[in-house]
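Me: I would like to learn how to read a structure of this kind, one feature at a time. Please give the general idea and then the case at hand.

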Amino acid sequence: MKQLTFRRIVKTSQKDMDIVRDVINDYTHFLFAHKSSFNDFRVISDKNNIQIFYYETKIINWFPISPIIKFIAIKKIYPEKNYFTQVYINIKNKKITYFKCYAIKDYKGIKIVNDFMIPVSNFTYFFRKIVIKLINKKMDVMWQEDKEMLNHRNKENEKNSLQCFAPTFNLEEIKENNFSKIMEDNFDPEFIVDLEKSI
């Protein structure tokens with residue numbers, strides 16, 4: 001098994017780290033701002049700066065038709081250090097991808113750095129230069145969408161304003177809010193299989 005190691009750096013003229021941090025850590029805009037990239041996105045859990053997601057992502061997000069890859073991902077946010085780490089497990093082949101995203105401020109503005117370590121077959125690794133160009137193209141589509149949001153929020157000095165998006169599917173919240181009401185209060189089994197009676 002080979003690993004593709006890939007670093008992507010984008011520069012912004014943004015000076016406010018709070019806005020940049022808010023955008024890179026937020027997931028509520030994925031299905032709306034990044035609809036070209038995600039076929040589906042669901043939150044399994046979100047608490048104490050640890051988030052668990054289910055992704056369906058398009059491999060070729062700049063083309064109308066694309067193969068889909070399905071992932072489960074665990075993300076840990078370090079807000080005081082302006083970065084997060086994430087691991088993805090491909091549901092089909094069980095391969096694990098590692099990802100780190102961090103923001104660095106200097107006198108010109110803020111840079112956003114994405115570090116990837118992606119497992120690939122020997123065949124894919126042989127064509128790694130082409131594969132990296134395709135990954136970079138996919139990431140650039142998402143960056144243009146994020147950059148538009150960053151520029152707007154910078155212009156309006158908007159912080160913590162991502163609540164305009166519709167609520168994201170959150171399995172943990174569904175369990176916490178609905179389990180007792182739906183399951184325990186209304187459960188009336190149509191069929192009962194009692195194995196004790198057959199002994």
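Me: Which residues have the most contacts inside the largest nonpolar core?

Reply: In soluble globular proteins, nonpolar side chains tend to be buried together. A nonpolar core here is a set of buried Ala, Val, Leu, Ile, Met, Phe, Trp, Tyr and Cys residues joined through side-chain atoms within 4.5 Å. Buried means under 20% relative accessible area, exposed over 50%, and partly exposed in between (1.4 Å probe, protein chains only). In this predicted model, the largest core has 34 residues, and V20, F41, Y55, I112 and L150 have the most contacts inside it. Helix α4 gives the largest share of this core, six residues. Helices (H or I, at least four residues) and strands (E, at least two) are DSSP runs, numbered from the N terminus.

Me: What does V20 touch beyond its sequence neighbours?

Reply: Contact means heavy atoms within 4.5 Å. With neighbours within four places in sequence left aside, V20 is in contact with Q14, A103, I110, I112 and L150.

Me: Why is helix α1 described as largely enclosed by the rest of the structure?

Reply: Because eight of the nine residues of α1 (residues 17–25) are buried. They are M17, I19, V20, R21, D22, V23, I24 and N25. At the start of α1, a side-chain oxygen of D16 comes within 2.9 Å of the backbone nitrogen of D18.

Me: Is T97 buried or exposed?

Reply: T97 is buried, at a relative accessible area of 12%. T97 lies in strand β6 (residues 96–106) and touches Q86, V87, Y88, M117, I118 and P119, not counting residues up to four places away in sequence.

Me: Where is V87 found, and what does it touch?

Reply: V87 is in strand β5 (residues 83–90). With residues up to four places away in sequence not counted, V87 touches I72, A73, I74, I96, T97 and Y98. V87 is partly exposed, because its relative accessible area is 30%.

Me: Which residues form the nonpolar patch on the surface?

Reply: Patches join residues with over 30% relative accessible area and no salt bridge: like charges within 9 Å, nonpolar side chains (Val, Leu, Ile, Met, Phe, Trp, Tyr) within 5 Å. A salt bridge is a side-chain nitrogen of Lys or Arg within 4 Å of a carboxyl oxygen of Asp or Glu. Here W62, F63, I65, F123, F126, F127, I130 and L134 form the patch, with about 920 Å² of accessible area together (Shrake-Rupley method, 1.4 Å probe; for residues, only the protein chains shown count as cover). Helices α3 (122–126) and α4 (128–156) each supply at least two of its residues. F126, in α3, counts as exposed at 64% relative accessibility.

Me: What conventions apply throughout?

Reply: Residues are numbered from 1 along each chain as its sequence is written, and side-chain values use heavy atoms, with hydrogens and water left out. Local features need pLDDT of at least 70 and side-chain atom pairs count only at pLDDT 80 or more, while totals for chains, interfaces and linings use all residues.

Definitions and conventions:
A polar contact is a pair of N or O atoms within 3.5 Å; within protein, one must be able to donate a hydrogen and the other to accept it, and residues adjacent in sequence count only if both atoms are side-chain atoms.
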